[in-house]
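Please keep the sequence and the model open side by side as you read.

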Amino acid sequence: PMKAAEEYRSASIYAALQSAAMLAGFPLDLVAVAASASLDELGHAALCLDVARALGDPAPVEASMEAVNARVADTPPRWLALKLLLVEVAMGETVSCALFRAGRDEAVEPVVRTALSWILRDEARHARVGWECLSALGDELTPSDRELLQREATLQLGLMEQAQAVPSLRHLEAK
């Protein structure tokens, strides 16, 4: 259920990216990628809940969207789309791949291992597409866009490490 909640939050981020990219006039391919990834994340949430139930954990999902709402508040659509594309998609999904790979490699239970493998495949595709979209937008980025992305990458990498990577690695170490 905890992982399902994370996947619901991720689906919400992709929906915000889709909306911001549309409003910013970004290519429709990018908008479509965000919409597709949002659906993938909802599928991951359902899969996590199915696995939890199969293993005897009927706990409800408690997915707070406060962090998502704060992340998307009061940012112009172009810059919001760029920030989400860089941090949540390219960087975030890249980190997510490492965490899912580590979890899958340590998983002994076959259902869990299969579910983690399934999600890892999608996360890898999302990361790759995120970096490809940023690269495709490269010529359209203004100097202020690039400065924004540099600041955002610096800030968010530190936050990501403390909020996601360190606790996840501790959890994996504890098995």
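A residue is called buried if its relative accessible area is under 20%, exposed if over 50%, and partly exposed in between, using a 1.4 Å probe and protein chains only. With a relative accessible area of 11%, Ser-38 is buried. You will find Ser-38 in helix α2; helices here are DSSP runs (H or I, at least four residues), as strands are (E, at least two), numbered from the N terminus. Leaving aside residues up to four places away in sequence, Ser-38 touches Ala-11, Tyr-14 and Ala-15, where contact means heavy atoms within 4.5 Å.

A word on how to read all this. This is a predicted model, in which local features need pLDDT of at least 70 and side-chain atom pairs count only at pLDDT 80 or more, while totals for chains, interfaces and linings use all residues. Residues are numbered from 1 along each chain as its sequence is written, and side-chain values use heavy atoms, with hydrogens and water left out. The predictor's confidence in each residue, pLDDT, runs from 0 to 100. For the chain its mean is 90, and 100% of the residues reach 70 or more. Confidence is lowest in α3, at a mean of 77, and highest in α5, at 94.

Now to the interior. A nonpolar core is a set of buried Ala, Val, Leu, Ile, Met, Phe, Trp, Tyr and Cys residues joined through side-chain atoms within 4.5 Å. The largest one here has 30 residues, and Leu-17, Phe-26, Leu-30, Leu-85 and Leu-86 have the most contacts inside it. At least two residues of this core come from each of α1 (2-23), α2 (28-54), α4 (77-106), α5 (110-137) and α6 (143-174). The most comes from α4, which gives ten residues to this core. Not counting residues up to four places away in sequence, Leu-86 touches Met-91, Trp-131, Leu-134, Leu-149 and Ala-153.

Beyond residues up to four places away in sequence, Asp-145 touches Arg-78, Trp-79, Leu-82 and Glu-140.

What about the cysteines? The structure holds zero disulfides, a disulfide being a pair of cysteine sulfur atoms within 2.5 Å. The sulfur of Cys-97 has its closest cysteine sulfur in Cys-48, 15 Å away, which is too far for a bond. Both residues are buried: Cys-48 has a relative accessible area of 13%, and Cys-97 has 7% relative accessibility.

Next, visit the loop between α2 and α3 (66-72), where Leu-55 lies. Leu-55 is partly exposed, at a relative accessible area of 47%. Not counting residues up to four places away in sequence, Leu-55 touches Glu-109 and Val-112. From Leu-55 to Leu-120 there are 65 residues in sequence and 20 Å in space, C-alpha to C-alpha.
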